[in-house]
Amino acid sequence: MNYGPPFFHEPGLWLSVWKLLRLRLVIMMNGFRRAKIGVKIGYTAAALGFLAILGFILFISISLLLLLRSPQLPTEFGDITSLLESAPTILVSISAIGILMTSFSVLLQALYLSGDMDFLMSAPIPIRAVFISKLIQAVLPNFCLMGLFTLPILYGLGISGGYNFLYYPFVIIVLVMISLAAAALASLLVMVAARFFPARRLAELLGFIVGTGFFIFSQTSRFVNFEGSNQQMAGLLKMTTRFNQPWSPLAWAGRGLIYLGNNNWLPAAGLLVLSLVLAGGVFYAALTTSERLYYTGWSSLQNNRRKQKIKTTRPAEKTVLRQAQNPLAGFIPAPIRAIMVKDLLVYRRDLRNISRLLTPLILGVVYAIGLIQSGGQGFGGRGEAPSWFMQAIDAVLIYADVALALFLGWMLVANLAGSGFSQEGKNFWILKAAPIGARQLLTAKFLVSYLPTVLVCSIYVLILQILKGGTLVSAVISLLAVAFALAGVTGIYLAFGTVGAKFDWENPAQMNRAVGCLGSIAGMLFMPVCFTLFIAPPLLAGLLGFPTIAGQLVGLLLGGAACTAAVVIPLGIVEKRVAMLNEA
Amino acid sequence: MSGATVLIETSHLVKRYGEKMAVDDVSFQVYGGEIFGFLGPNGAGKTTTIKMIAGLLHPSGGIVKVGGYDVVQQPVLAKAACGYVPDEPNLYAKLTGRELLRFVGNLYGLDKAQMARRSEELLRLFDLVDAADDTTDSYSHGMKQKTSLAAALVHDPKVLVLDEPTVGLDPKSARLIKDILRQMAERGAAVMLSTHILEIAQNMCDRIGIIDKGKLVAAGTMDELRQLGQGESSLEDIFLGLTGGAEYAEIAEVLK
């Protein structure tokens, strides 16, 4: 037997990088080839859409920049040449910061969670090739996404300003080099972070912070009073020029491009060479350091501080005591209670779940603030609508808190009940092998989704009722309506989530797809129908001169009946499916 | 074993996936007090058969009984009698080992005191006390495997079904598992395990079943298998003889 390959030539760095990138390309093409026809059409449409957006942004950029360069404009708004000339600096800076931030999570996934690093590191190829290919893979999607906006604007700037032809290739060279340097820095940060926190936990934490932060930012921005006044615009323009600082290497690259475009060869050469050499140096230094940290195992070595912390804070006796004091102990059978406790623990400990649950809560708070700010008043209109219509609208607004609570509850339930079974993932064998009937399992999953939702929404309704000074009767009726409606929508989502349950997901986002399109539509339709059943009788009672309480009670009866049916019928239909779940 | 109680029984068991017959008319019995080894090449139908016994897969045909209960007709009773250890120890990543054992104990209807005592015993037995309050995502494969076995034993089952229980375990843990299985059998439980390690099967199992391409090609004690194997004395030779070993000669030729 021979113990070595007789004709093995060590492959070069870039040949190895190409081999690894080609492998990704082959995997991507295989995925496309084997995809369903609908997915293929979707991908093709997305690619064409990407090109169309690129063309559109280029067209808009050229038109806008030509307008901005018109001689009449300075007489109206003052000289904006400095703003135009700082555009490359701003865009290069945004690209660098954007790549640095977005590459972090992608590189964390690629280096620690993808599972192919051991295979690649043990292959007879240079380790550096593995790292470069990982960096390129991490940068490429985000680079393309950023290029969608930066390239057309920078090219538009060149076209509108009649820049030298060398400006165009150098725009790409600068963006590529800066992005690679940023990605290499991100890989270094990943190594350091993974040294102190387990990679999976870090990914959860990152997903939580980014997702929640972005959502809070997007929702609270509605309270920012930006009207586009001259003063606000001037402030905004002033802020953008702050990127263009003489000490910033990113500004050197941007200014170098402008000098190049304007045929100022010497400063262009100086600044571009300086910025490219610096970017290359950062890339090389960060890359070699990352390699070394990874290869020596420094970045994979876990400290055990977390372990000790858990041990001291969660002694077994406390858990037993907490379980013994559980108020549900007397009412709910032990197996159902066990599943509930387990699900709630798992939810609480996985930050990705918390992030999904926080999103509806943030929305709920934002809309509640909007409702309170408006004082719950109806629309004045122009006085053309009939008076009975305006009265009806005002009456509906009295139930706005119920509507908001149902909206919040609907989003929570869609997350909790829809993924009730799918969230078990590959652990579903534990429940399936256990002596629990399908009805018990459905009950447990129903309660896990329903109880927290109804609790949160009841508190929400009560707070809104107190803030708007509602009566005790209206608070009780609102709470009952919310409790019934949420039960109904939980039944619908749980039923659809059971039918479409997926247990082989790798990415937790996939478990939310269990409800499917039909389930989402059914859930969305149920809420307004149910809400109408609750509020139509009191509205009619008001119009026909009957006491409002009579109408409210009829509403509760009608809505309650519909909600009970929405729990019993769909769950009854899917009960037999539970025994067959997770069978290929 | 004629006097012993039959605790696992499959009769003309079939599992079809479309055209593919994963398990084809498999019938055997496992008695209380015995360890039954289930062998077969990769893809022969071992895991599928075991999953049908544990109630994880619905048979396409035939009958499976565990502890005297039909797994299809009386699934809850059958599952209550059975402990199952899968080939891949997938555990709830965000539960601690102790919480997981208590959760499983609850599912099997143990009362609180019994559950606490039993889970602490098992944590000690499997040397998991130090890690008992860590979430299982920080466990090594071996620790997960041991936790999975502890979870299967928490309700002291009459029937224990294990799919490749020693994969990824260090020699000490593997030895511990072998001892536990032997003790369980001595106390009257039926133990069925699949393994690729023929030495384990030969030394541990009272009877062995060999499955190939979905069909049970042999079942019996070592002596009975030797008779089937036409003079072959080791289990390895019998196994290769029954499941086909010609390709191994070819591989050896290539590796020369």
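Tutor: The radius of gyration is taken over C-alpha atoms, and the globule rule sets it at 2.2 Å times the number of residues to the power 0.38. This is a predicted model, in which local features need pLDDT of at least 70 and side-chain atom pairs count only at pLDDT 80 or more, while totals for chains, interfaces and linings use all residues. Residues are numbered from 1 along each chain as its sequence is written, and chains are lettered from A and ligands numbered from 1 in the order in which they are written.

Student: What radius of gyration does chain B have, against that of a compact globule?

Tutor: Chain B has 19 Å; this agrees with the rule, because a compact globule of 256 residues would have a value near 18 Å. Its C-alpha atoms fill a box of roughly 55 × 45 × 40 Å along the principal axes. Ten helices and ten strands make up its list of elements (DSSP runs numbered from the N terminus: helices are H or I, at least four residues; strands are E, at least two).

Student: How many of the residues of chain B count as buried?

Tutor: A residue is buried if 20 or more other C-beta atoms, placed from the backbone, lie within 10 Å of its own, exposed if 12 or fewer, and partly exposed in between. By that count, 50% of the 256 residues of chain B are buried.

Student: Which residues touch the most other members of the largest nonpolar core?

Tutor: In soluble globular proteins, nonpolar side chains tend to be buried together. A nonpolar core is a set of buried Ala, Val, Leu, Ile, Met, Phe, Trp, Tyr and Cys residues joined through C-beta atoms within 7 Å. The largest one here has 146 residues, and A:Ala485, B:Ala150, B:Val159, B:Val161 and B:Val191 touch the most other members. Helix 21 of chain A (residues 472-499) gives the largest share of this core, twelve residues. Another core, of 66 residues, lies apart from it and includes A:Phe131 and A:Tyr294.

Student: What is the length of helix 12 of chain A, and which of its residues are buried?

Tutor: An α-helix has 3.6 residues a turn, so residues three or four places apart point the same way. At 1.5 Å times one less than the number of residues, the 31 residues of helix 12 (residues 265-295) of chain A should span 45 Å, and its end C-alpha atoms are 44 Å apart, which agrees. Its buried residues include A:Ala268, A:Leu272, A:Leu276, A:Phe283 and A:Tyr294. Just after the helix, A:Gly297 takes a positive phi of about 85 degrees.
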